[in-house]
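Me: Please take a close look at the salt bridges in this structure, and tell me which parts of the chain they connect.

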Amino acid sequence: MATTETFIGQPVLRKEDPELLTGHASYIDNWTMPGMLWMALARPPYVHATIDGIDTTEAASMPGVVGVYTATDFDLAPLPFVWPITEEIKVPVHYPLASDKVRFNGDAVAVVLAETREQALDAAEAVAVTATELPAVIDIEEAAKDEVIVHDDLGTNVVVHWSHGGGGDQSVFDSAPVIVQERYVQPRLIPNAIETRGCLAYGVPPVDEWTLVTATQIPHIAKVTLAGTTGIDEHKLRVIAPDVGGGFGSKLNVYAEEALALALARRLRRPVKWIEGRRENYVATTHGRGVLHDCTLAGTEDGTILGMKFVELADMGAYYQLLTPGIPELGGWVYMGPYDPKAYWFEFKGVVTNTTPTDAYRGAGRPEATYVIERLVDSFARRIGKDPADIRRMNLHPPHEDAQTSIMGLNVDSANYEPLLDKALGLVEYDKLRAEQRDRRERGDRTQLGIGLSTYIEMCGLAPSNILGALRYAAGGWDGATIECLPSGHVIVKTGTSPHGQSHETAWAQIVADGLGVSPDEITVLHGDTHSTPLGMDTYGSRSVAVGGVALHFAVEKIKAKARTIAAHELEVAEDDLEWADGAFRVKGAPDTAKTIPELAVSAWHAHALPAEVEPHLNATAVYDPPNFTWPAGAHVCVVEVDTETGATEIVRYVAVDDCGTIINPMIVEGQVHGGVAQGVAEALYEEAMYDESGNLTTSTMTQYLIPSATEIPAMTTDHSQETPSTTNPLGVKGIGEAGTIAAPPAVVNAVIDAVSHLGVTAIEKPASPERVWRAIQEAKGDGRAGASPGSEGGTS
């Protein structure tokens, strides 16, 4: 069962796929238990209202209903919030059920248990809530005026103000030869995982032990935090993440429904299950983005960027979820992009509104930052009449193989940006496209060509625990891994990461296979269960391979160290006389005298003749806390055709060149980039969560909230040939899961603006819908029919 093959860097087929593709996956909705009750929540049709009364009489009398409960029936602590980013932060207390006020459309006030899901849903609709409606505040700028207060006890809607503190000479923002100022609005997005949320709580009542099976990205964090909310002893709570149908940050949270299901299962001594409906998902699961930026770039007429300054207003929603105010802060460390400005400033204010809470959405702060940086660089290029590719190239940070302190204060592990841009421009045939664009403009074609660029850097591997502590984050950035080498030759891997589409079963098997000289087919990867994999900090922020994968590497090294001792004993040589080569410990000078890991696992198991100091069984655990973040980078180019009479946009080419350090599996990298770019294209052209003036979500179904199908997603040319290893970890890995979502939106929007910039259009905001593009064209022409271009605030000075 030993092998001399190597697997890191190879496109090994995904171990996960046979089960997923043949319908044998186990999602939360597949789980059922004897005696199981169904849970549904009553969410009254109010946005902001004082609750005067809740009448559960009719609901409680309906067929199949076992009970109807309100906030007063529970003794639950508030829902967890783990990132109070400043000492002065104001924290809205968020209980699983509202009792005094409804603060957003989706706030739940009661919970129903019934024998079937249909009975529970019907009864939830029969819960009668009387309330006094209050004015609602939806717009973040209006909310910041404090004319309508969302949380009376806080006395203000401006709940947090965080500043990076700046770097370099701030006077350039007043004295530079060229000052470009822009305002960019990034609308709310709805994550739309293919599987909505859901959970099942059950237990062993005599010993007060409870299990929560939940569609989550964070079983380990959920265990710790839900123990605090429910009062269940942490060591008596088990959390299982089964197969999870996508998360994108929306399942990087601990929600009211999970706490309620546990509390009710514990109370009634029966299993309790809840599955979220799609319409419910749109109001009750977190949203992403929802930010406004005032941006300043200081530069010179020749194109040198002297300084970049960003002041952000961020919509927190009605409450904080797990990380809410930390999301803008995460972006605060990358507003220099891959460039080398001499001055830097970022600050933001977080504002509560009568809307669904916001939190992490794929990229979590980094897409918001990259979007405004790349839009601003294009505006600068237009202002001084330079090619946007030339402006980027001349301002890229010089390459470095070792970690260097960036102007924002953190160490960037390694960098080599210019070849990425050159590769992307070459693949897209940039000069040829510019020539074609000139020809179309000279002819006055109805369909114009636009070319958009996006060069980005991102901070991944949400990492060093000491830095996270300094940033006031409640948890750490470490992760754990355990390896067991069985006497059968099989290897069990237990990882603290929790995949939901990231292919950890495949990639982790490749890391271990290379390290131990076995086939990936002989490796089983266990994850997502706090009972079988107790050491973990889960999956988000492109941290899994850079932290969990590296923990696995160190566990491999521990296995090999123990195995070397056993091999030397059996071969009657000194350990220094052994070398690891071709998947085995071989005697130097006599390579045919060797011992493989499977052979040594048998020896460690029967323990008949182990060295005196060696314990039986070949297993090891490693917990890794990285010394630094990792910093992937890349360059994306989008080419569009815009119909100048209708505003319709079609992406005709898309090139993505990404450097994510050492690649474990190029096929998985390709898939992650494709998925990320698809979400970025959706953000740029289609998606926008919209509320009416009263605070009702008007994009409450997929008929109003546009999501592109495969037909609308372009074919992509990808390149990952440049691998600049991270200096943070011995594998050299950096992360790739969020790259496409970070890079794509500005590339697409810049392309749309570029297509019509010769008509006088300088600003179009996301999503660049046909109507929005058409209005921008009419406004540039001075056509009174168009009115104001929706969302198109911006200009240069």
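Reply: For side-chain exposure, buried means under 20% relative accessible area, exposed means over 50%, and partly exposed lies in between, with a 1.4 Å probe and protein chains only. This is a predicted model, in which local features need pLDDT of at least 70 and side-chain atom pairs count only at pLDDT 80 or more, while totals for chains, interfaces and linings use all residues. Residues are numbered from 1 along each chain as its sequence is written, and side-chain values use heavy atoms, with hydrogens and water left out.

A search of the whole structure finds 42 salt bridges, each being a side-chain nitrogen of Lys or Arg within 4 Å of a carboxyl oxygen of Asp or Glu. One of them joins Arg 393 to Asp 422, at 2.9 Å from N to O. Because Arg 393 belongs to helix H11 (residues 388-395) and Asp 422 to helix H12 (residues 418-428), this pair ties together parts that are 29 residues apart in sequence; helices here (H or I, at least four residues) and strands (E, at least two) are DSSP runs, numbered from the N terminus. Arg 393 is partly exposed, with a relative accessible area of 26%, and Asp 422 is also partly exposed, at 34%.

Another salt bridge pairs Lys 595 with Glu 570, whose closest N and O atoms are 3.3 Å apart. Here the link runs between distant parts of the chain, from Lys 595 in strand E25 (residues 590-595) to Glu 570 in helix H16 (residues 544-571), 25 residues apart. Lys 595 is partly exposed at 22% relative accessible area, and Glu 570 is partly exposed at 29%.
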